[in-house]
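Please consult the sequence and the structure shown below while reading.

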Amino acid sequence: MARGGGSVFVCQSCGAAHPKWGGRCEACGAWNTLVEEAVSDGSARPALGRAGKRKLSLAPLAGETQSPPRRATAISEFDRVTGGGLVPGSALLIGGDPGIGKSTLLLQVAAALAQTHAVIYISGEEAIDQLRLRAERLGLRDAPVQLAAATAVAEIGTTLDAPRSADIVIVDSVQTLFVEELDSAPGTVAQVRAASQVLIRLAKRHGFVLLLVGHVTKEGMIAGPKVLEHMVDTVLYFEGERGHQFRILRSVKNRFGPADEIGVFEMSDAGLREVANPSALFLAERERDVAGSAVFAGIEGSRPVLVEIQALIAPTAFAAPRRAVVGWDSARLAMILAVLEARCGMAFGTCDVFLNVAGGLRIAEPAADLAVAAALASAALARPLPADTVVFGEIGLAGEVRAVARTDARLKEAAKLGFGAAIVPARRQKTAPTGLPLTEVARVADLLALLRRPPPGARGAAGDKRRAVHG
Ligand code: TYD
Ligand code: MG
């Protein structure tokens, strides 16, 4: 480490330090992530000082602890994701692509909280005038939010280092902050880590809520990423497809509430609007009776959400057929395709396969397997699924359909939105009736049999297309 005038090469993805530059980080395998940083980073700070002589006072596990009241925003989609409001003294990281709406969301949160709390909004990206313009556009001009445009952590720290300096502090974004003692540029792991450390310590000491904004790099990670995720109490991602108006706030880690909870918003001319009934929104533009479409009854966090899964299968013009996925895991798609080929005799080898989760939602549940398989098979056979039917179930490599959690909630949501039937895994215990007729499938092949069953009346064109795909 002595080389190069006291610098190391730090992976901007995992934070590992290497003595020499290389194209690839040996710790996490990421390419082109090593950046030279000065060694004298925050780790050399005196660790003990006078406190080193004091003994800890240990407390029993059993004891009375008053949980301080949470600071709720009355933006219920936001409060749901945080687990019922912001916890005093906690630090949150809000990550997301540039331009997705993080600043907009936080300004709205700031304005909502400012009615009852002291709120400071520190922007390193925009000038005060720009913030004011945005507030005006959002109709929040008169909210008593205190603004500052700053990037120097020393300055920000001095402002906040007093009892009752604030109740809520928003810092937008961590990538713009810099600690003067470090030589590295703002946005490097060393800077992001040191700056966040200072602010988080102040938040704990004075009991204000710290909301840190972090941009996600093209590779899909918050720059200075893992280090920061460990330091904060809560990590929220703000996601969505840029061309769509839907935005989803997702908790991926939460020390004070459930993880994997989502809040759904819609970006409008006047900022982000809450979406109280996401299923209705995700299904709003669905076309009925088209091949390649299946409605998945999913669970996001604590609530059921219905989304349309679309598949398109077309003869390929290339030696290696394309597999493109939006909103789902591409490895999982490969697995479902393999199961359909190996267990059901379908052939996708000469076809491009496209899979899309409509509306910009990103699904991670294995319960979507059966809906994906249904959309793929429906596209391949050019047969629509039975009308107004929801689908869910996990698929195993043997082609078996496995039961998933929270069947009742999924069926209830489907019934609520006017669906008339459901295709579900074969169940061991009967669940409470929801009024929906259920078609149980034990194997993926059963699903195909359902699709192949000729619809009452029609025959012809669909059959020809089917041969084309399988030929
Ligand atoms: P912004 O909050 O600046 O994104 P981030 O902080 O994540 O980079 O959002 C910018 C986008 O949001 C921009 O493309 C314009 C759009 N927008 C609206 O559509 N309506 C609005 O009322 C506002 C304030 C922004
Ligand atoms: Mg911003």
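## The loop holding Gly-349

In this predicted model, Gly-349 sits in the loop that runs between α9 (330–344) and β16 (351–357). With a relative accessible area of 47%, Gly-349 is classed as partly exposed, because it falls between the limits of 20% for buried and 50% for exposed.

Which residues does Gly-349 contact, once neighbours within four places in sequence are left aside? They are Pro-321 and Glu-341. Gly-349 and Pro-321 are separated by 28 residues in sequence, while their C-alpha atoms are 7.0 Å apart in space.

## Surroundings of ligand 1

The shell around ligand 1 consists of 16 residues, and the closest are Gly-99, Ser-103, Thr-104, Ser-268 and Gly-271. Three elements, namely α3 (102–114), α4 (128–137) and β11 (262–268), each supply at least two residues of the shell. The element that gives the most is α3, with three residues.

For Thr-104, an N or O atom of the side chain is 2.6 Å from an oxygen atom of the ligand. For Asp-269, a polar backbone atom is 3.0 Å from an oxygen atom of ligand 1. For Ile-100, a backbone N or O atom lies 3.4 Å from an oxygen atom of the ligand. Taken alone, ligand 1 exposes 560 Å², of which the protein buries 76%.

## His-206 and its contacts

Helix α6 spans residues 189–206, and His-206 belongs to it. The side chains of His-206 and Asp-161 are joined by a polar contact of 2.7 Å. Which residues does His-206 contact when its neighbours within four places in sequence are left aside? These are Leu-160, Asp-161, Ala-162 and Pro-163.

## Backbone features in loops

Between β7 (168–172) and α6 lies a loop that contains Ser-173. The peptide bond leading from Asp-172 to Ser-173 is cis, and its omega is near 5°.

Is Asn-32 buried or exposed? Its relative accessible area is 65%, so Asn-32 counts as exposed, the limit being over 50%. The other is Ala-74, whose phi is near 70°. Ala-74 is placed in the loop between β3 and α2 (76–82), and at 69% relative accessibility it too is exposed.

## Confidence of the prediction

The protein chain has a mean pLDDT of 86, and 89% of its residues reach 70 or more. Where does pLDDT stay under 50? This is the case over residues 459–471. For that stretch, the model has 15 contacts beyond four places in sequence.

Notes. Residues numbered from 1 in each chain as written. Chains lettered and ligands numbered in written order. Predicted model: local features only at pLDDT ≥ 70, side-chain atom pairs only at ≥ 80, totals over all residues. Heavy atoms only, no water. Helix = DSSP H or I, 4+ residues; strand = E, 2+ residues; numbered from the N terminus. Polar contact = N/O pair within 3.5 Å; in protein donor to acceptor, adjacent residues only side chain to side chain. Contact = heavy atoms within 4.5 Å. pLDDT = per-residue confidence, 0-100. Near = heavy atom within 4 Å. Areas by Shrake-Rupley, 256 points an atom, 1.4 Å probe, with all protein chains shown as cover. Buried < 20%, exposed > 50% of the residue type's maximum accessible area, 1.4 Å probe, protein only.
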